[in-house]
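Student: I am new to this structure and would like a close look at a single part of it. Please take the aromatic pairs and the strands around them, and go through them in order.

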Amino acid sequence: MVEPVPSSAAEDEPERPNPDESADAGAKGKRRRRKPKKQRSFWVELPILIVVALALAFVFQHFLARVYTIPSGSMETTLHGCTGCYGDKVLVDKVTYDFTDPGPGDVVVFKGPEPWVENEAPTERSGNAVVRFFQDVGSVFGLAPPDERDFVKRIIATGGQTVQCCDAQNRVVVDGKALDEPYIHWENPAEDRQDSFDPVTVPEGYVWVMGDNRNDSCDSRCQGGGGVRGAVPVDNIIGKARIIVLPPSRWGGVSDHNPQADAQPVALGMSAPSWQEGVPLGFGFVAAWPVVRGGRRLGSKVREAVERKR
């Protein structure tokens, strides 16, 4: 005979642990035992941030682009600058000329070639060794002016081209064609004529540069005494001026209008002195006298011959 099972039997049996609940409890226990990560203090992270920022600035300034201050007014009004004032700050692209050659119309920043700087006084530097050290470091990272003479001008002609000035309309001529230069600025509109110079054939690997403020710019026409010595080696070009970044009121791109794109053929010739211009007219009067007299004699003889025949 089967004995009935008491209803309290299930309560008397020990509870079996739930595997899932045991795993969760173990995980919670481990999390409790782990110590939370201690955050680095601000003063520990600050030097790291500074080093990373300087490294990024170094890479950007030396391989991609750099900001330059326009020091003078030779490129007015394209780029504003003057002695003792807050000139435009332009972003110079250093990558472009790794893939293309500098061309007419490009506004470029370049290191002054030897003929340009041979008579220039060296850049003044502090006599304090510590200050000089920080100047050098600042120059490397673009935080201080470099110890070199850099210039900004517009390319007018490239290697192999012949440039001269001027035609009858006072335009610069390259390879017999007058340039289209809408960017030229005349400080005094009453003196809107630029100085003439003899033909110069730009050597291969060089460029001929001029300022937009044509009567207030010492460029390839006068640097190094002018001529071939005024040309700038392509290797000296640092980069192409792209954008005016400061001041905010002048934000915008830098014009790279190609003056040779719409150049017009011209006939070049030096005007003769006024007394020489009268020579052809005088010669005409002198030569006309015997021609007129000879014509009269010939006419009379013809008439006499006709009368005899009658």
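Tutor: What follows is a walk through the aromatic pairs and then the strands that go with them.

The model is a predicted one. For orientation, the protein has seven helices and 13 strands. Of its 310 residues, 30% are buried. Among contacts with a separation of 6 or more, 73% are between residues 24 or more positions apart.

Now the rings. A pair of aromatic rings is described by the distance of the centres and the angle of the planes. Searching the whole structure gives four aromatic pairs. One of them joins Phe110 and Trp116: the ring centres are 5.3 Å apart and the planes stand at 90°, so this pair is edge-to-face. The cut-off for that label is an angle over 60 degrees. Both Phe110 and Trp116 are buried.

Another pair is made by Phe197 and Trp208. Here the centres are 5.5 Å apart and the planes are at 25°, so the pair counts as stacked, since the angle is under 30 degrees. Phe197 belongs to strand 8 (residues 197-201) and Trp208 to strand 9 (residues 206-210), and the two residues are eleven apart in the chain. Phe197 has a relative accessibility of 14% and therefore counts as buried, the limit being under 20%. Trp208 is buried too, with a relative accessible area of 0%.

Phe110 and Trp116 also belong to one aromatic cluster, which they form with Phe151.

Next come the strands. Strand 4 covers residues 150-158, and nine of its nine residues are buried. Strand 4 pairs with strand 3 (residues 107-111) in the antiparallel sense, over five bridges. Within this pairing, Val109 has Val152 of strand 4 as its bridge partner. Strand 4 also pairs with strand 9, again in the antiparallel sense, over four bridges. Here Arg154 stands opposite Met210 of strand 9.

Arg154 brings the account back to aromatic rings. Arg154 lies over the face of Tyr183, at 3.9 Å from the ring centre.

To put the part together: strand 4 pairs with strand 3 and with strand 9. Strand 9 holds Trp208, whose partner Phe197 is in strand 8. As for the whole, the accessible surface of the protein comes to about 21,200 Å², and 57% of that belongs to carbon and sulfur atoms.

Terms used
Residues numbered from 1 in each chain as written. Predicted model: local features only at pLDDT ≥ 70, side-chain atom pairs only at ≥ 80, totals over all residues. Heavy atoms only, no water. Phe/Tyr/Trp six-rings, centres within 6.5 Å; stacked < 30°, edge-to-face > 60°. Buried < 20%, exposed > 50% of the residue type's maximum accessible area, 1.4 Å probe, protein only. Lys NZ or Arg CZ within 6 Å of the ring centre and 35° of its normal. Pairing = 2+ DSSP bridges. Contact = heavy atoms within 4.5 Å. Areas by Shrake-Rupley, 256 points an atom, 1.4 Å probe, with all protein chains shown as cover.
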